[in-house]
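Subject: A structure for you to look through

Dear colleague,

My notes on what was found follow after it.

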Amino acid sequence: MVKENLITVEEKIRKACERSGRDRDDVTLIAVSKTKPVEMIREAMNSHIVTFGENKVQELLEKQEQISEPLDWHLIGHLQRNKVRQIVGRVKRIHSVDSLRLAKQIQTDFEKQGELAHILIEVNMAKEESKFGLMPEETEDVIREIAGFSNIRIHGLMTIAPFVENSEENRIHFRNLNKLLVDINRKNIDNVNMDELSMGMTGDYEVAIEEGATYVRVGTGIFGDRIYIS
Ligand SMILES: *Cc1c(COP(=O)(O)O)cnc(C)c1O
């Protein structure tokens, strides 16, 4: 199942790259394994996937403990400040830095352990009430502040687009996130030269690639529907 799904996803990524004149190597597929068992992560590993995304710190740490092979783990979900110290040195990227307060905590906890945090700034492009993320207008100012933090490197921007039936509806949000990145880079802020765009999920990753995504975060399309028990 996972193997077949990955073949399909890979084919769609390849075609989206082709359509938009992009190099396949410029897009990294993050397999979003949240709520799914380690056995399914192993299935993906058998298909040569080494990049995984989790949205909860506890679940991420539990899975890391069960897998000895070196993998690239990405934290993609909202991060609470009191959990930051637990992920120091354990993640390749934090995609979900959505406030200056969180960034300050990351600076403090990573500095204590002499580590560098590699982050993306989450932007709420569609301005949805229900979503985390900075407003597009405040993003530059927050980045200017974080740019001065010695233990943080800002690599780019991330967004979670609205849930839509037609993925074309999200094209504008992906395009605008790309524009925002270009605009901020043009300001020549010290220590800020971003080249990563984390955008696109199962429903809309092909459109996101056409608009410049360098990371796509695909869960359901690889591992199947998630079942939440509350
Ligand atoms: C769950 C999740 C995804 C993957 O969603 P799918 O629609 O299953 O592909 C991507 N990004 C974030 C931040 C998520 O929490």
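In helix H6, the residues Arg171, His173, Phe174, Leu177, Leu180, Leu181, Ile184 and Asn185 are buried, where buried means under 20% relative accessible area, exposed over 50% and partly exposed in between, with a 1.4 Å probe and protein chains only. Helices (H or I, at least four residues) and strands (E, at least two) are DSSP runs, numbered from the N terminus. Please keep in mind that this is a predicted model, in which local features need pLDDT of at least 70 and side-chain atom pairs count only at pLDDT 80 or more, while totals for chains, interfaces and linings use all residues. Residues are numbered from 1 along each chain as its sequence is written, and side-chain values use heavy atoms, with hydrogens and water left out.

The buried residues of H6 are covered by parts that include helix H5 (136-146), strand E6 (152-158), strand E7 (196-198) and helix H7 (205-210); contact here means heavy atoms within 4.5 Å. The expected span of a helix is 1.5 Å times one less than its number of residues, so the 16 residues of H6 (residues 171-186) should span 22 Å, and the 23 Å between its end C-alpha atoms agrees with this.

Proline 136 lies in helix H5 and, at 15% relative accessibility, counts as buried.

**Two residues with positive phi**

Most residues other than glycine have a negative phi. Asparagine 188, in the loop between H6 and E7, has a positive phi near 50 degrees although it is a residue other than glycine, and at 65% relative accessibility it counts as exposed. Histidine 48, which is found in the loop between helix H2 (38-46) and E2, also is not a glycine and has a positive phi of about 70 degrees; at 71% relative accessibility, histidine 48 counts as exposed.

**Pockets**

On a 1 Å grid over the protein atoms alone, a pocket is an open set of points where a 1.4 Å probe fits, with protein on both sides within 12 Å along at least five of seven lines, and its lining residues have an atom within 4 Å of a point. Grid points are joined across faces, edges and corners, and a volume is the space filled by probe spheres set on the points.

The largest pocket has a volume of about 710 Å³ and is lined by 32 residues, of which Lys34, Asn55, Ile160, Met201 and Arg226 lie nearest its centre. Its lining divides into 13 nonpolar, 11 polar and 8 charged residues, where Ala, Val, Leu, Ile, Met, Phe, Trp, Tyr, Cys and Pro count as nonpolar, Asp, Glu, Lys and Arg as charged, and the others, Gly among them, as polar.

The second largest pocket holds about 280 Å³ of space, and histidine 48 is among the residues nearest its centre, together with Glu10, Arg24, Leu29 and Ile49. Helix H1 (2-19) and strand E1 (28-32) each supply at least two residues of this lining, and H1 gives the largest share, 4 residues.

With best wishes
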